There are 2 protein chains.
Amino acid sequence: MSLNTALISVDVVAFRLFNGKLHVLAQRIQTDRNDSQWMLPAGKIDPVKDQSVDDTAYRQLERLTSKKPGYMEQVVTLGDNQRDSRGWSLTIVYYALIDSNDGEQLTPGAKWLPADIETLQEQLAYDHSRLIQQALDRLRSKIQYSSLPVYLLPDTFTLSEIHGVFSAVLDKAPPMRSIRNRFLQGDLLIDTGKLKRGSNRPAALYKVNQNSETWLFDRLYISTR
Amino acid sequence: MSLNTALISVDVVAFRLFNGKLHVLAQRIQTDRNDSQWMLPAGKIDPVKDQSVDDTAYRQLERLTSKKPGYMEQVVTLGDNQRDSRGWSLTIVYYALIDSNDGEQLTPGAKWLPADIETLQEQLAYDHSRLIQQALDRLRSKIQYSSLPVYLLPDTFTLSEIHGVFSAVLDKAPPMRSIRNRFLQGDLLIDTGKLKRGSNRPAALYKVNQNSETWLFDRLYISTR
DNA sequence: TGAATAGTGTCTGTTAGACACTATGGA
DNA sequence: TCCATAGTGTCTAACAGACACTATTCA
């Protein structure tokens, strides 16, 4: 008796920022027609390669990009007899946050699509835009009381760039004063001593204190509700 | 091609209060030996009976108790090649909150066990005590910023009884002043006008405002950290 | 009337947010 | 030197928590 993984899939919603906009990793589906159809990185559990479902999720990402997610979390498992025309199906949904450093190698057929739900609904096959919506809901909620924003930024970043993450994810952001107070408290960030130049007054560059795990604050921002 | 549910199970951790103590619903496992072995309400997806995984979870509960959960939520899906000696297995874990009203009919073999992790580790088969731990972690976290406590109480209850829920779940509780301020704000509760007598000064009895969904507050209690 | 629990008034601490202010480097 | 952006000082609002106080019923 072994796990029949025929209609069980692990789907990953990977988020990344490009030019201050949120994007989602997708791969092209083979079609006869010329119009593009896309799907999320997804696949079955491989009982030989994978030791756990997390492994399966990581493996789906690795098929499309050379980047390792700085953060990954299971969202939900959806299962019913509606999603797939063949009958009952199960999907374990993850979301992953990818940093904005350079040096990504994308597999042919993979592409970062702008995370605009209306457009994605047309571009994505199956119920994948719904899965993205659920992952996005989780991200939008958790960003407001955790250090998640840093996982979408480069290794070193300014506090304004954290503000930018909020704008990209929520379309609104807390005031810089609040972001400053929150992120400079405790040992969350380390001042690298370097400056980001090019703007007018240069901004201090911070990096994540590796000793500290993903930080959970005990209050939500109110201005982003 | 159909969903082989051989090694996929849906496990439910149902919580209920008895005498101010948290309990977990379990069912006896048939054993030759005289010592009791227990397991969580769990079972396979029935592609005919169940329209969705939530249905499966509800069905597992219904097998053991006549009570319907006031609240149920998926915790996580665990899958690896370690949990089950037969190889790869998948478990979708839910937790459910059951009110403290009377009138429960338990199926023979079902029993509410005190939610003491050390004792449960000895009583429960498989990795079920670990599943309970994960469900309990989620409950302990969410109780601190939501209206979840009310789902463990009778239809009408006093504010002191909310305090009791915190004590049962966390072994510590916020001051009554804070509970009062939080739960009497907004339209969360309705004063029934009735009083709970028997103690010295009678306490006002409240009920949940059915118009309001599960309430999420924007701060954690600090005293229960 | 006293014990016990219910419930209030009010002060402090913390943190989000508003807003005016100062600081600094590039053009 | 001007300007855009970085960053600070400080006040307010909201709410958790501490704590002293009052209120109400039962024994």
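The same surface serves both copies, since 100% of the contact residues of chain A recur in chain B, where contact means heavy atoms within 4.5 Å.

## How to read the model

This is a predicted model, in which local features need pLDDT of at least 70 and side-chain atom pairs count only at pLDDT 80 or more, while totals for chains, interfaces and linings use all residues. Residues are numbered from 1 along each chain as its sequence is written, chains are lettered from A and ligands numbered from 1 in the order in which they are written, and side-chain values use heavy atoms, with hydrogens and water left out.

## The sheet in chain A

Let's turn to the strands. Chain A has an open sheet of three strands in the order S8-S10-S9, with antiparallel pairing. Strands (E, at least two residues) and helices (H or I, at least four) are DSSP runs, numbered from the N terminus, and two strands pair if DSSP finds at least two bridges between them. Strand S8 (156-157) and strand S9 (189-196) of chain A stand at the edges with a single partner strand each, so one side of each has no neighbour in the sheet.

S9(A) pairs with strand S10 (residues 203-208) of chain A over five bridges, in the antiparallel sense. Here Leu195(A) stands opposite Ala204(A) of S10(A).

## The sheet in chain B

In chain B, an open sheet of three strands has the order S8-S10-S9, again antiparallel. Its edge strands are S8 (156-157) and S9 (189-196), each pairing on one side only. Two bridges join S8(B) to strand S10 (residues 203-208) of chain B, and Phe157(B) has Tyr206(B) as its bridge partner in S10(B).

## A helix pair in chain B

Helix H4 (residues 159-170) and helix H5 (residues 176-183) of chain B have axes that come within 10 Å and cross at roughly 115°. These axes are lines fitted to C-alpha atoms over the stretch in contact, with angles from 0 to 180 degrees between N-to-C directions. That makes H4(B) roughly perpendicular to H5(B), a class that covers 65 to 115 degrees.

Residues of H4(B) that meet H5(B) include Leu159(B), Ile162(B) and Phe166(B); on the H5(B) side, Met176(B), Ile179(B) and Phe183(B) are among them.

Key. Parallel < 35°, antiparallel > 145°, perpendicular 65-115°, else oblique.
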